Amino acid sequence: MNKLGRNTVANVMAKLWSMISIYLFIPLYIQILGETSYGLVSFFATLQTTLNILGLGLSNTLRREFASGEQTESNAIRKYKLLRSVESIYFLIAFSIILLCVLGAGGISKYWLQIETLDTEMVEIVLSLMGISIALQLVANLYAGCLFGLEYQVLANIMCVIWSAAKSVGAWLCIRIVSPDLVCFYCWHIFTDAVYLIFLRFFSVRKLKIKQKIRWKLRDLSNLKSIWKYTCGILFISFVVLVNKQLDKIIISKYLPLTELGAYNIATTLGSVSTIFPLALYTTVFPRFTNHATTGNMAKLEQEFLKINKISGLVLSAMGCFIAVYALPLIQVWTGSISYVDILGSVGTLVVLAVSVAEFQEIPYALALANGNTKYNVLVGGVFIPIVFFFTYIGVANYGLMGAGAVYFIMMASQTLVYEWLVYRRYLLKNPIRMIWSDTIIPMGICLAVAFISKAVIEMRDPSPGLESIFAVGMGGLTLILLLFIFMKKDLIDFLKKYKGERR
């Protein structure tokens with residue numbers, strides 16, 4: 001198996017484990033902590049995403065820099081000095097996050113969150129611990145990005161899986177054996193996050209393979225001048241992503257009880273299952289796209305993009321549509337909570353579809369970033385951000401979760417279509433409208449139709465949620481096979497011929 005294949009498998013397996021751990025442990029957390037406390041845990045994800053925006057610009061820039069250029073000693077030294085410059089800024093950001101969470105914990109618990117029966121003092125302590133965990137993960141993500149940029153993706157994924165498993169299992173054991181409270185829960189998070197950061201830092205420097213000893217000096221901060229424009233673009237993109245994926249949750253946390261926030265986050269987490277493959281592909285191909293773009297191999301770049309974007313869209317369509325249509329039975333089987341099902345209703349379908357539709361931007365985004373282009377994201381974000389702000393607030397304030405889900409879906413669908421058109425028009429020779437129609441709209445339409453029809457048929461037999469979920473998985477798999485046969489028949493035949501030739 002070549003490097004692309006190994007990296008893709010490693011990234012898919014890592015994303016798959018991440019999802020498995022989430023879906024395995026969330027019901028256990030809910031069972032021990034209760035639905036209200038889990039609502040606070042789900043707020044952690046929103047808080048983390050919100051604060052991570054402070055460092056995402058530099059993190060993604062460094063990943064691109066580590067993927068660019070030839071593998072020479074001088075280039076490795078340049079990357080090391082750039083890493084040292086960026087990490088010095090990251091330490092300041094991490095300290096600021098901790099300080100912000102510690103000082104702001106009282107205000108958030110008293111004036112923002114609807115904490116219901118939770119003790120205010122305990123919530124303040126937990127919010128402070130959340131800040132420490134977020135800060136450590138922020139710095140760790142910087143070093144992980146370096147390894148991904150250098151294409152040591154198998155190593156980075158192995159470390160990520162070990163960290164995720166240790167954190168999930170350890171947190172469960174802590175609240176089950178030591179103390180069933182969130183303070184113990186997040187103390188364990190902090191310990192595992194710190195160990196993970198140390199190992200990532202060691203390997204990210206070692207894999208540069210610099211033979212001489214390099215001393216970083218304060219004047220090396222001048223290296224940041226060469227990346228500031230790209231970094232600012234990424235920073236704005238990060239803000240757009242924050243608005244797209246977290247604004248609804250932030251507003252829900254203000255106006256609705258933590259139980260409803262927890263239910264809404266459950267639907268979002270369920271939808272993220274459909275993103276496993278596109279996200280893994282993005283992580284795999286971005287360094288390759290960047291290398292092709294920076295070395296002028298544009299024909300190879302377009303060829304790889306077309307194939308990867310096609311298969312990503314087909315998998316995303318099948319998984320996203322079936323998970324969305326069967327969202328309620330899947331949530332009931334997964335969490336064992338009937339109250340979450342009652343709270344969500346049809347909102348679950350809208351939220352899952354929104355998450356899936358937004359993910360169609362992932363591979364085009366990799367293509368644009370590989371070419372150093374952040375202006376399309378800035379343009380789309382600049383147009384949509386005020387619209388998203390206004391309608392999300394109106395939707396949540398007047399219609400609760402249904403308003404949040406409806407606005408989320410409409411905004412994500414609109415942004416995706418606009419962004420795809422801009423990227424396809426700029427970097428591909430093919431007609432952008434035809435590509436959007438063939439790679440996005442038609443696959444989604446087919447999958448939605450099959451999913452709704454199959455659900456209507458199975459519900460005639462009044463099935464249990466478990467049986468309905470199994471049926472959804474089976475029908476989703478068959479539909480994906482059908483899509484691959486319709487849209488990628490030639491590629492599949494070529495792959496099988498090549499595989500048979502290698503076997504001989």
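Guide: The side chains of Arg288 and Glu304 meet in a salt bridge, 3.0 Å from N to O; the term means a side-chain nitrogen of Lys or Arg within 4 Å of a carboxyl oxygen of Asp or Glu. This pair links distant parts of the chain, 16 residues apart, with Arg288 in helix H9 (residues 276-294) and Glu304 in helix H10 (residues 298-325). Helices (H or I, at least four residues) are DSSP runs numbered from the N terminus. Glu304 is buried, with a relative accessible area of 11%; buried means under 20%, exposed over 50%, and partly exposed in between (1.4 Å probe, protein chains only).

This is a predicted model, in which local features need pLDDT of at least 70, side-chain atom pairs count only at pLDDT 80 or more, and totals for chains, interfaces and linings use all residues. Residues are numbered from 1 along each chain as its sequence is written, and side-chain values use heavy atoms, with hydrogens and water left out.

A search of the whole structure finds nine salt bridges. Arg84, Glu87 and Arg201 are linked in a network of them. Within it, Arg84 pairs with Glu87, with the closest N and O atoms 2.8 Å apart. These two residues are three apart in helix H3 (residues 73-112), so about one helical turn separates them. Arg84 is partly exposed at 23% relative accessible area, whereas Glu87 counts as buried at 3%.

Arg201 also forms a salt bridge with Glu87, the closest N and O atoms being 3.0 Å apart. Because Arg201 lies in helix H6 (residues 182-206) and Glu87 in helix H3, the pair ties together parts 114 residues apart in sequence. Arg201 is partly exposed, with a relative accessible area of 24%.
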